[in-house]
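Me: I am new to this structure. Can you show me how to read it, one feature after another?

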Amino acid sequence: MPKQVIDKDKLIDQAYSIAAREGISALSVRKLAAACGIAVGSVYMYFPTKADLTAAVFTRFFGQALFEECCRVDGRESFTDYVRKLHDALSEALAQMDVDWFAEMRRLPRSEHEALEAARGPMLAHMEQGLQHVLEADPAVVRSRLVGALSPEKLCPFILGTIFTSLMEGSDCETLFALLDTSLYEAVAESAASGSIAAAPIEKKDC
């Protein structure tokens with residue numbers, strides 16, 4: 001029998017391992033207790049409901065996926081580079097799962113969905129604040145463009161939504177990265193415009 005583990009962090013680690021192998025919907029208090037070699041009641045001391053356990057595992061996923069990569073801001077990287085790093089960190093974390101977590105989450109009972117939403121809210125708010133911090137610290141960004149739909153308060157939630165949609169659909173975010181480059185940076189926008197002007201005579205000739 002496995003050595004007894006009655007430590008909340010270790011319980012979450014074990015629960016995360018189970019969810020990564022079998023899917024978050026396969027996780028249960030009883031299965032976690034058996035894996036740790038402890039009584040079911042010992043798990044309930046920390047996680048009164050399955051929804052509480054699910055939320056803790058979901059929080060651990062974001063912590064492991066993002067903490068090292070996205071809490072370290074390289075002063076030499078552009079805002080677009082940082083957004084790419086954020087996307088790649090989440091994509092890599094999902095790739096290490098043996099199951100499709102997004103598909104799994106859609107099958108969870110309502111109570112667990114609500115627990116996930118409650119856990120996700122503060123994390124998304126923290127991620128948005130991080131994006132805004134990096135955006136404001138990037139000296140190459142043209143400040144006059146950060147208005148209206150491109151204001152940090154609107155742009156950062158849009159970026160996160162686009163990233164999560166791409167992960168759910170299994171698509172890339174290259175269009176998002178290109179739009180950020182051309183929208184926020186003068187040199188990139190001018191280069192794109194020059195390319196369009198240069199291509200115009202060829203397109204007209206072909207017509």
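Reply: Start with the contacts. This is a predicted model. Take the contacts in the protein chain between residues at least 6 apart in sequence: 72% of them join residues at least 24 apart.

Me: How many helices and strands does the protein chain have?

Reply: Count the elements, then read them in order. The protein chain has 10 helices and zero strands. Along the sequence, the pattern reads α-α-α-α-α-α-α-α-α-α.

Me: What share of the residues is buried?

Reply: Burial is read from relative accessibility, and under 20% counts as buried. Of the 207 residues in the protein chain, 42% are buried.

Me: Which residues have the most contacts inside the largest nonpolar core?

Reply: Phe79 and Trp101 do, in a core of 60 residues. The most comes from α7, with nine residues.

Me: What is Trp101 in contact with, leaving aside its neighbours within four places in sequence?

Reply: Trp101 meets Tyr16, Ala19, Ala20, Ile24, Val57, Phe61 and Leu94.

Me: Ala19 is on that list. Is Ala19 buried or exposed?

Reply: Ala19 is buried, because its relative accessibility is 0%. Its place is in helix α1. Not counting residues up to four places away in sequence, Ala19 touches Ile24, Val57, Val99 and Trp101. Now set sequence against space. Ala19 and Asp98 are 79 residues apart in sequence, and their C-alpha atoms are 8.9 Å apart.

Me: Where is Glu22 found, and what does it touch?

Reply: Glu22 is also a residue of helix α1. Leaving out residues up to four places away in sequence, Glu22 touches Lys31 and Val99. Glu22 and Glu104 are 82 residues apart in sequence, yet 9.9 Å apart in space, C-alpha to C-alpha.

Me: Why does Glu22 count as partly exposed?

Reply: Partly exposed lies between the cut-offs of under 20% for buried and over 50% for exposed. Glu22 has 35% relative accessibility, so it counts as partly exposed.

Me: What about a loop residue? Where is Gly37 found?

Reply: Gly37 sits in the loop between α2 and α3 (40-46). With 8% relative accessibility, Gly37 counts as buried. Its C-alpha atom is 9.3 Å from that of Ile6, a residue 31 places away along the chain.

Me: Let us turn to one helix. How many residues has α5, and how far does α5 reach?

Reply: Compare the span with the expected one. α5 has 17 residues and reaches 24 Å from its first C-alpha to its last. That is close to the 24 Å expected at 1.5 Å a residue.

Me: Which residues in α5 are buried?

Reply: Phe79, Thr80, Tyr82, Val83, Lys85, Leu86, His87, Ala89, Leu90, Ala93 and Leu94 are buried.

Me: At what angle do α5 and α8 pack?

Reply: For a helix pair, read the angle, the distance and the handedness. The angle between α5 and α8 is about 35°, and their axes are 11 Å apart. Their crossing is right-handed.

Me: Which residues make the contact?

Reply: α5 brings Phe79, Val83, Leu86, His87, Leu90, Ser91 and Leu94. α8 brings Leu155, Ile159, Leu160, Ile163, Phe164, Ser166 and Leu167.

Me: How do the residues of this contact of α5 with α8 divide into nonpolar, polar and charged?

Reply: Sort them by kind. The contact of α5 with α8 has 11 nonpolar residues, three polar and no charged.

Methods: Residues are numbered from 1 along each chain as its sequence is written. This is a predicted model: local features need pLDDT of at least 70, side-chain atom pairs count only at pLDDT 80 or more; totals for chains, interfaces and linings use all residues. Side-chain values use heavy atoms; hydrogens and water are left out. A nonpolar core is a set of buried Ala, Val, Leu, Ile, Met, Phe, Trp, Tyr and Cys residues joined through side-chain atoms within 4.5 Å. Buried means under 20% relative accessible area, exposed over 50%, partly exposed in between (1.4 Å probe, protein chains only). Helices (H or I, at least four residues) and strands (E, at least two) are DSSP runs, numbered from the N terminus. Contact means heavy atoms within 4.5 Å. The expected span of a helix is 1.5 Å times one less than its number of residues. Axes are lines fitted to C-alpha atoms, for helices over the stretch in contact, and angles run from 0 to 180 degrees between N-to-C directions. A crossing is left-handed if the near helix is turned anticlockwise from the far one by less than a right angle, and right-handed if clockwise. Ala, Val, Leu, Ile, Met, Phe, Trp, Tyr, Cys and Pro count as nonpolar, Asp, Glu, Lys and Arg as charged, and the others, Gly among them, as polar.
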